[in-house]
Amino acid sequence: MKALLVTHFMMGPLLLVIAVLTKLFPPKKINSIYGYRTRRSMQSEDAWREANTYNSNAMIVLALLVSFFQLFAYQLLEEPTSLLLSAGFLVVGLMVMIFMTERHLKARGYK
């Protein structure tokens with residue numbers, strides 16, 4: 001049961017650590033290992049920088065939202081249910097974050 005609790009409260013903070021690291025140490029060049037990698041973001045160095053800057057900011061916001069959601073879910077629901085809902089919230093948030101980043105790149109003229 002304690003492992004479940006640790007897992008539950010690591011989702012948001014772990015995402016926050018990753019987001020802060022990508023903000024502080026953005027990938028310098030297009031690569032296949034580190035950074036926001038989609039066809040649109042990898043089409044040019046400018047698109048790459050724009051995508052990674054936007055996405056790291058969005059990821060920080062998402063990490064904070066997930067962390068708050070975890071706290072509220074844990075207080076209001078039973079442990080397994082709160083963990084599943086928090087994981088679902090994270091997955092949906094990641095999908096929204098990708099959609100928003102792609103929309104941002106498209107609005108900036110990156111095809």
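Tutor: Start with the secondary structure, and keep in mind that this is a predicted model. The protein comes to 3 helices and 0 strands.

Student: What pattern does the protein follow when read along the sequence?

Tutor: The pattern is α-α-α. As for extent, the C-alpha atoms fill a box of roughly 45 × 25 × 20 Å, taken along the principal axes.

Student: How do I read the packing of two helices?

Tutor: Two packed helices are described by the angle between their axes and by the distance between those axes. Here, take helix H2 (residues 45-76) and helix H3 (residues 79-107), which pack at an angle of about 160°. Their axes are 9 Å apart.

Student: Are H2 and H3 roughly parallel or roughly antiparallel to each other?

Tutor: Angles over 145 degrees count as roughly antiparallel, and H2 and H3 are therefore roughly antiparallel to each other. Their crossing is right-handed.

Student: Which classes of residue make up the contact of H2 with H3?

Tutor: The contact divides into 18 nonpolar, 7 polar and 2 charged residues.

Student: How do I read a pocket?

Tutor: Rolling a probe the size of a water molecule over the atoms shows where empty space is left. In this model the largest pocket holds about 210 Å³ of space.

Student: Which residues lie nearest the centre of the largest pocket?

Tutor: They are Gly35, Tyr36, Asn55, Met59 and Met97, out of 16 residues that line the pocket. The elements giving two or more residues to this lining are helix H1 (2-24), H2 and H3.

Student: Which element gives the most to the lining of the largest pocket?

Tutor: H2 does, with 4 residues. Sorted by class, the lining has 9 nonpolar, 6 polar and 1 charged residues.

Student: And how do I read a salt bridge?

Tutor: Look for a side-chain nitrogen of Lys or Arg within 4 Å of a carboxyl oxygen of Asp or Glu. By this rule the count comes to 3 salt bridges. One of them joins Glu102 and Arg40, whose closest N and O atoms are 3.4 Å apart.

Student: Where do Glu102 and Arg40 lie?

Tutor: Glu102 is in helix H3, while Arg40 is in the loop between H1 and H2, so the pair ties together parts that are 62 residues apart in sequence.

How values were computed
Residues numbered from 1 in each chain as written. Predicted model: local features only at pLDDT ≥ 70, side-chain atom pairs only at ≥ 80, totals over all residues. Heavy atoms only, no water. Axes fitted to C-alpha atoms, helices over the stretch in contact; angles between N-to-C directions. Parallel < 35°, antiparallel > 145°, perpendicular 65-115°, else oblique. Left-handed = near helix turned anticlockwise from the far one by under 90°. Nonpolar A, V, L, I, M, F, W, Y, C, P; charged D, E, K, R; others polar. 1 Å grid on protein atoms, 1.4 Å probe; cavity = no way out; pocket = protein on both sides within 12 Å on 5 of 7 lines; lining within 4 Å. Points joined across faces, edges and corners; volume = space filled by probe spheres on them.
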